[in-house]
Amino acid sequence: MLGPDDGMLFNVPLRVATAQIIKSGHLPLWNPYIFGGMPLLAAAQGGVLFPLNWFYLVLSPAVATDLMVISAYMVAALGAYLYARRTGASVAGAVVTSLIWQGGGFLIGQISHINIVHTAAMLPWVLWALERYVSNGSRARGAVLAMLVALQVFAGHQQATAYSLLLVVAYTIVMALADRQTRRRYLTSLAFTTAGLLLAAVQIVPTAELLRNSPRALATYDFFVSFSMPRRFVSTFVAPYIMGGGDGRLFRAPYLGQAFYTEYVAYAGMLAVMLMLVALALRPDARTKFWAIAGLVCLLLALGSNAPLHFYRVIYNVPVLNLFRVPARHLMEVNFAIAVLAGRGLTSLAAMRDRAQARRRVVIVAGFVFVLTCLVVSWWRPADFHLGRPAPISILRAPELFLPIVTAAVSALALWAFALKRRGGTAILLAVLIIDLFVWGQSSGWNKSSRHIPKEFWGVPETVELLHAKTPGDPASYRILTTRETFYPGPSAAPSSRHPSDWVLWIEPDVYMMFGIQNAAGYDGFGLERYSKLAGQMKLWGELTDPDATLRSSSREIDLLNVRYLLSIRKRSNEVVSDSSSADTTSSNGSAFPAATEKYDGFSFAPGDLALPGLGANKRLRLTVPPVESDHIALVTNLSWAESVPDTAVVGRLRLRAKDGRTFEFELQAGRDTADWAYDRPDIHTRIRHKRAPIASSYAVSDNRYAYQAHTYLTSFTFPEKTTIVSGEIELEPNAQAANLLLNVLRISLVNASDGKSYALGREMIQVGSASTERETAQARADERWKLIAEAAYVNIYENARALPRSWLAPELRVVDDDTMLQIIRTGILPDGSKWDPLHTVLAEAEAPTALAAGAQNGSAQITTYEPNRVNVQTHSSGNSILVLSENYYPGWRVEVDGQSAELLRVNYALRGVVIPAGDHQVSFVYRPWSIMGGLLLSLFTAAALIVLTVRPKNVGSTARPF
């Protein structure tokens, strides 16, 4: 299937769910399946109004996905061909532009983000329509331009749309200044471009509303510049895998760059670079110069925070543009500029190859690119480049190094053959370009990722079958919560944890959309700010900030969200190892310890990290150890947020209790025993205040700004004499200069040095505790809250005994501010110290419009109709109460009681509520957003104006070319 990575995790489920909503007879306005419900049309990324997504309405998801992806690249190719022909390229030149655009680095690299591909595919179509309009000023052609601009908006990626339209506007202005004869038409075309935006108002207006309610509304500069293109990735224009990044079949060198290789590479083929330079050498007209300058400027923009003179900070102050992260996506404009210039270069060479001067320039260009390639793969290659196998580096051993040289040489020969008018020269040139792009594209990883999609993705997976068998028949009566953690429900179990290698498709939040199952988690580019805070500070990809605080405490966060079932990764059978035959565990009690097979500086540890949460100011680790004799304890640790911690400052305390009752206490000091894990990140290294402790291990890290080595640190403490340790605890020592300091304990071993034995502590020997008695009591009740009800191959399903219903009546309202409200929800305790019962007391920001009956009892609320855009509830109460609906409060939702409009309240921080009088009532919550209705009216008005403008007679002579 052509839907790797985010295609499988986000784009395909979203489109399948949208199609199911439409086929069930509802407008695709609201998505009830993720994040407790959020806008669907406004989120845009489903491309509801973009025709290439309509395959899902009539075909199976697998077939629709392949057709959607294939047709996107066909649309991109045809648009590029038509634009190139319209601007004077020959047929062969237009074919070159088309091949480079559809097969170049940007579009192939973004295959998993199909909405980006859709949006980028429309760029050449908008330019083609612009040039068609300029050729004769026809209003009908202006209307076509407006329609194509609207279609590009409907494709669903706001960032690519904004970049594309800025490029179109810049192109229009430059061409107007360059050509006095057509200046008026170019400038008039801006009116039709604007009309296209008005035509797309039905999409733009609700998206703007969603943006105001999204975490993106307060994007920081660090967020804005995340995933900036590293400067050394410029070398990938001639050597695409010089940084590694191949899929392991042909190109096997380990990847050296920051995360997500395909975001930063814009390889367009060696011939594309040569032909681009030929265009500049042979035909430097206004259009050629524009594309050259545009490509260079956008390359600088793609560098983001790595751009010279920090000029990208200026862009952060530009409205709209400062909403988008991933500056590297400016490579879209770069790739298109190269494609256009390459087509113009071939066209110019075909017209001038009889001239000796033109052939000399071809030789110079080809020679320059060949020499540049040789320098990049030899002298200028990254110092840390290494092979995927133990062997000395040489050019002939690494396809990443010798293939660019071979490709440059073959491309130069093909270009020379074309310049000499050799028979079949055009075919040879096109064949070399196609093979070059094919080898790069097929090795970029998308194909390998696509093969990882399991067959059950298109059927009914085991987890869905288990949920259907174990849960109520009505899927709207509960929500699930998927977590990427390995969950341990009981109070004596180890904390929830996550291993870096753990990945299971069926705990990805969006896949359950395809099966009509509602998830309190989700994965979306927008999200809702208030919901995120309510749902355990949930991130945009559905991850809880502190799973233990949310799932194993007195917090009512997910209970309020009607989360009845938790899906987590199953504990692997090899997480705890017991090997009684090990030389390190020969005693009877020693057999209870994991095998200590990994050594650091003479101390032996278990082969895997404990995967414990970082210790903050209110947490401690409690150790319960089978009695064994030892004379040392060794630890592997590191710190987080520790750059301000002075050298030798105490950052942790270790207390151990012996079988005979003695207690030993040791201090962990920064710079001696442990240090910040990101000590060698360039920006932290310049300002960190403590020394680097002895390193246990190092590992490569690539974030959105740097690639560097992270570290763990080794320390050990000697007991006064050999003793039998049975328990202990480790806690953080708070530091006033580092308020967010965390101590990460990765491995622990008791050591009997005199006998040469090591006893590595397993995770079942460690509990996470708290200085708060209430928190400990809440954790002690965790086993009463969670019950394992089903086991799938890779997933455990737990039932939450504390889950609240989807709707209920509460007789009391308490007014508190937002911060207090969140504190109550997260602790389950009211400000007066009493326990909060959500079924009895509603939290709100203001008093109810009608007095409530505090003594009302036996109220009931039953959902009778649940649709994406409507929820009907039948209520009965003995007095005035508040009906709480566990759905997101969001602009556009309205409520009626017995057919009469009522005031919709925001309760419990982010949920919907309404005051209900005593007696029996029918309550309807309906989603009718003014943003969509107003946007639709504006779109319809613009469409009507364009139709009237088009049909009005206008006698103008046409000079249009056929394309």
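I began with helix α12, where M270, L271 and L275 meet L429, V432, L433 and D436 of α18. By class, I find six nonpolar residues, no polar ones and one charged residue in this contact of α12 with α18. I note at the outset that I am working from a predicted model.

I then looked up the geometry of this pair: the axes of α12 and of helix α18, which spans residues 425-442, come within 8 Å and cross at roughly 130°. That angle makes α12 oblique to α18, because the class of roughly antiparallel is kept for angles over 145 degrees.

Next I turned to a second pair, helix α6 (residues 123-136) and helix α8 (residues 158-178), whose axes come within 10 Å and cross at roughly 25°. Angles under 35 degrees count as roughly parallel, so α6 is roughly parallel to α8. I also looked up the hand of the crossing of α6 and α8, and recorded it as right-handed.

For the residues behind that crossing, I listed L123, V126, L127, L130 and E131 on the α6 side, which meet S164, L167, V168, Y171 and T172 on the α8 side. I sorted the residues of this contact of α6 with α8 into seven nonpolar, two polar and one charged.

I went on to the empty space in the model. Rolling a probe the size of a water molecule over the atoms shows where such space is left. The count of cavities of 30 Å³ or more comes to five, and the largest cavity holds about 90 Å³ of space. Its lining, as I wrote it down, consists of R15, T18, A19, I22, G46, G47, V48, N53, W54, Y56 and L57. By class, the lining of the largest cavity has six nonpolar residues, four polar ones and one charged residue.

Last, I looked at the second largest pocket, in which about 450 Å³ of space lies. It is lined by 20 residues, of which F237, V273, M276, L299 and I338 are the closest to its centre. The elements that give two or more residues to this lining are α12 (270-282), α13 (286-302), α15 (331-352) and α16 (356-377). I noted that α13 supplies the largest share of the lining of the second largest pocket, with five residues.

How values were computed:
Residues are numbered from 1 along each chain as its sequence is written. This is a predicted model: local features need pLDDT of at least 70, side-chain atom pairs count only at pLDDT 80 or more; totals for chains, interfaces and linings use all residues. Side-chain values use heavy atoms; hydrogens and water are left out. Axes are lines fitted to C-alpha atoms, for helices over the stretch in contact, and angles run from 0 to 180 degrees between N-to-C directions. Helices (H or I, at least four residues) and strands (E, at least two) are DSSP runs, numbered from the N terminus. Angles under 35 degrees count as roughly parallel, over 145 as roughly antiparallel, 65 to 115 as roughly perpendicular and the rest as oblique. A crossing is left-handed if the near helix is turned anticlockwise from the far one by less than a right angle, and right-handed if clockwise. Contact means heavy atoms within 4.5 Å. Ala, Val, Leu, Ile, Met, Phe, Trp, Tyr, Cys and Pro count as nonpolar, Asp, Glu, Lys and Arg as charged, and the others, Gly among them, as polar. On a 1 Å grid over the protein atoms alone, a cavity is a set of points where a 1.4 Å probe fits but cannot get out, and a pocket is an open set with protein on both sides within 12 Å along at least five of seven lines; lining residues have an atom within 4 Å of a point. Grid points are joined across faces, edges and corners, and a volume is the space filled by probe spheres set on the points.
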